Structures are given as C-alpha cells and as structure tokens.
Amino acid sequence: VELVESGGGLVQPGGSLRLSCATTGTNGSLYAVAWYRQAPGQQRELVAGITRGGRTNYVDSVKGRFTISRDNTDLTVYLQMNSLNPLDTAVYYCNAPIHENDWNGALWFSWGQGTQVTVSS
C-alpha cells in the first residue's frame, strides 16, 4: 500500500503544474488525502487537503491559486497549481491523515519520494 506522487517539474513564474497522487494496493477513496511540501531548509508543511466527501482545506499562501480534487474512479488526488512563484519551490508529498480534518496529525502512510516542483526563470 502506498501513495505515489507525480507531475512535478521546472516551470517559470506564473506557470502551472498539475500534481497527481495515486493510491496503489488499497481503496484510495476510503481516505482523506492531503498535499504537503518541504522546501530546502524548511519543515514540511500542509498545502491542501480533501476529505472523503470532497470538502477542501488550503493553507493561506495557496488559496485562490491551487485546487485540490479527487477522482474516486481512478483513486487519484490531484493538485492543480496556478500562478506559481519561486516560493512554491519544494518537494511535494501526499499522504492520508488518520483523523479526517486533522491535517497535521498522525498519518496512515510512510512518506514517499515526493515530486520536485521548481519555479524559476
């Protein structure tokens, strides 16, 4: 059972990327899922979360720019990132909080490899 992140890359300021978090070995629709990121020298932080029912939560710095969504048909959670700026540069991870809405609490899974997002001109 694991979550696998993909979709990162190098993008210019103002650009967009869509990240994907695929669940393997389990029914991903059973979990609330969140995206987190860790910039060099910084602690990992919550970016956005989505409950099983589709309710969303965002950190203030990404509100209006990022959109989290889920497709329970293919068991994937997406993070659409628009208007990217250099402060968004980080490794992005997805994971599933044990208690829905406790986005910074205990998590079901070990951290994966993440996907690197670099915003630079």
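Good morning. The structure is a predicted model, in which local features need pLDDT of at least 70, side-chain atom pairs count only at pLDDT 80 or more, and totals for chains, interfaces and linings use all residues. Residues are numbered from 1 along each chain as its sequence is written, and side-chain values use heavy atoms, with hydrogens and water left out.

I begin with the overall architecture. The chain contains 10 strands and zero helices; here strands (E, at least two residues) and helices (H or I, at least four residues) are DSSP runs, numbered from the N terminus. The radius of gyration is 13 Å, close to the 14 Å that the globule rule gives for 121 residues, so the chain is as compact as a globular protein of that length. That radius is taken over C-alpha atoms, and the rule is 2.2 Å times the number of residues to the power 0.38. Along its principal axes, the C-alpha trace spans about 40 × 30 × 25 Å.

How much of the chain is buried? Of its 121 residues, 42% count as buried, meaning under 20% relative accessible area, whereas exposed means over 50% and partly exposed lies in between, with a 1.4 Å probe and protein chains only.

I turn now to the interior. In soluble globular proteins, nonpolar side chains tend to be buried together. A nonpolar core is a set of buried Ala, Val, Leu, Ile, Met, Phe, Trp, Tyr and Cys residues joined through side-chain atoms within 4.5 Å. The largest such core here has 26 residues, and those with the most contacts inside it are W35, V47, F66, I68, L79, M81 and Y92. Strands that each supply at least two residues of this core include strand 3 (17–24), strand 7 (66–71) and strand 10 (115–119). A second, separate core of five residues includes A32, A34, L46 and W103.

Which residues does Y92 touch? Leaving aside residues up to four places away in sequence, its partners include E5, L19, W35, F66, M81 and V117; contact means heavy atoms within 4.5 Å.

Finally, consider Q80, which lies in strand 8. Is Q80 buried or partly exposed? At 26% relative accessibility, Q80 counts as partly exposed. Beyond residues up to four places away in sequence, Q80 touches S16, L17, R18, R65, F66 and T67. The C-alpha atoms of Q80 and T67 are separated by 5.0 Å, although these residues are 13 apart along the chain.
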